[in-house]
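Subject: Structure handover, with notes on its aromatic residues

Dear colleague,

I am passing on the structure below, and my notes follow it. Please read them with the structure open beside you.

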Amino acid sequence: MYPTRILRSALPQLGDEKPNITGFSMKKFLANTKKPRYDPWERNEAWRYTGRFSRFNRYRNTLPGFGTAVVAFTAYCVYEQLFLKKDEHHHGEEHH
């Protein structure tokens, strides 16, 4: 007997869904992939995402001193452009 004939005979039991040869039901799959009704470890794991372990606080101090380095580098670049003598090399007949 062919699988399609078996599924057609079971059609009234399946409800409104179309029969599928593989037996896969997208509605059942989506119903089972939602958040579980009760997670026994949820209370124990909550500390990982709150307070000083929140996402903002974890990444806030990733590069300590980066702001200071940017300001110092910018100040040096401004100082160099405004106050230091530019050493221009003229390569004419004589070469160093």
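Accessible areas here come from the Shrake-Rupley method with a 1.4 Å probe, and for residues only the protein chains shown count as cover. On that basis the accessible surface of the protein comes to about 10,200 Å², of which 58% belongs to carbon and sulfur atoms. Buried residues (under 20% relative accessible area, with exposed meaning over 50% and partly exposed in between, using a 1.4 Å probe and protein chains only) make up 3% of the 96 residues.

Please bear in mind that this is a predicted model, in which local features need a pLDDT of at least 70 and side-chain atom pairs count only at pLDDT 80 or more, while totals for chains, interfaces and linings use all residues. Residues are numbered from 1 along each chain as its sequence is written, and side-chain values use heavy atoms, with hydrogens and water left out.

The protein has 6 helices and 0 strands, where helices (H or I, at least four residues) and strands (E, at least two) are DSSP runs numbered from the N terminus. The pLDDT, which is the predictor's confidence in each residue from 0 to 100, averages 77, and 71% of the residues score at least 70. Confidence is lowest in helix α2 (residues 11–14), with a mean of 52, and highest in α6, at 95. Where pLDDT is low, the predicted coordinates should not be read in detail.

A search of the whole structure gives 3 aromatic pairs, a pair being rings of Phe, Tyr and Trp (its six-membered ring) whose centres lie within 6.5 Å, with planes under 30 degrees apart counted as stacked, over 60 as edge-to-face and the rest as tilted. One of them joins F24 and F29, tilted at 45° between the planes and 5.9 Å centre to centre; F24 is partly exposed at 45% relative accessible area, and F29 is partly exposed at 41%. Another tilted pair is formed by Y79 and F83, with 5.6 Å between the centres and 40° between the planes. These two residues are 4 apart in helix α6 (residues 66–83), and they are therefore separated by about one helical turn. Y79 is partly exposed at 42%, whereas F83 is exposed at 60%.

Y79 and F83 also belong to a nonpolar surface patch of about 640 Å², made together with Y76, V78, L82 and L84. Patches consist of residues with over 30% relative accessible area and no salt bridge, like charges being joined within 9 Å and nonpolar side chains (Val, Leu, Ile, Met, Phe, Trp, Tyr) within 5 Å; a salt bridge is a side-chain nitrogen of Lys or Arg within 4 Å of a carboxyl oxygen of Asp or Glu. Y76 lies in helix α6 and is partly exposed at 44%.

With kind regards
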